[in-house]
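Hi,

Here is the structure I promised to pass on. Have a look at it first, and then read my notes below.

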Amino acid sequence: MKEAIGTSYVFNFVIIFVGVMIALLIGSIAYTKGFKIRNRIINIIEKHEGYDNNTEDEIKEDLRTIGYQNTTKKCGNHNGRQPFNNNSGYNYCIYQYSTAKGPYYGVKVFIHFDIPIIGDFVEIPLYGESRIIFNKDEVEG
């Protein structure tokens, strides 16, 4: 009888260990996808040297091809700034900051977990900033 109880403890330990490993794997995949999306948005903004309608259209097309979740935005203030971007329906926020050299942009995306019940309540924001986009007038003049 003593050996049967010991085997069940080991079996429970293995089940818990496998569950934790699966949770870490799901979290790692979601985190990587969030960083990939954030970096793509920043690269598009830098390529267009700012945020305008062409930039927004390219971002929407890129997010559609990646398969980013299309939900309502939960953007709020970031360092006292309101997001100024889109009505695209995708859950990302863009903030514009001004400097003497020119503007730069902050991008906030959200990590989504596609797990029933829990996934609806857990969204982790990821924030990143673009490089400064120098004023063309100052460079030319």
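Start with Y92, whose bridge partner in β2 is V109. Before going further: this is a predicted model, where local features need pLDDT of at least 70 and side-chain atom pairs count only at pLDDT 80 or more, while totals for chains, interfaces and linings use all residues. Residues are numbered from 1 along each chain as its sequence is written, and side-chain values use heavy atoms, with hydrogens and water left out.

Back to the strands (DSSP runs of E, at least two residues; helices are runs of H or I, at least four, and both are numbered from the N terminus). β1 and β2 run antiparallel and are joined by 7 bridges; two strands pair if DSSP finds at least two bridges between them. They form a hairpin with 4 residues between them, and G102 in the turn has a positive phi of about 150°. On to β3 (residues 123-129): 7 bridges join it to β2, again antiparallel, and there V109 stands opposite L126.

In a regular strand the side chains alternate between the two faces of the sheet. In β2, P103, Y105, V107, V109 and I111 point one way, Y104, G106, K108, F110 and H112 the other, and all are buried. Buried means under 20% relative accessible area, exposed over 50% and partly exposed in between, with a 1.4 Å probe and protein chains only. Because 10 of its 10 residues are buried, β2 is largely enclosed by the rest of the structure.

Which residues touch the most other members of the largest nonpolar core? Of its 26 residues, they are I41, I45, I59, L63, Y92, I94 and V109. Such a core is a set of buried Ala, Val, Leu, Ile, Met, Phe, Trp, Tyr and Cys residues joined through side-chain atoms within 4.5 Å. I45 touches G50, Y51, T55, I59, I94, Y105, V107 and I133, leaving aside residues up to four places away in sequence; contact here means heavy atoms within 4.5 Å.

E49 sits in the loop between α1 and α2 (53-66). With 44% relative accessibility, E49 counts as partly exposed. E49 and F134 are 85 residues apart in sequence, yet 8.6 Å apart in space, C-alpha to C-alpha.

Happy to go through any of this with you.
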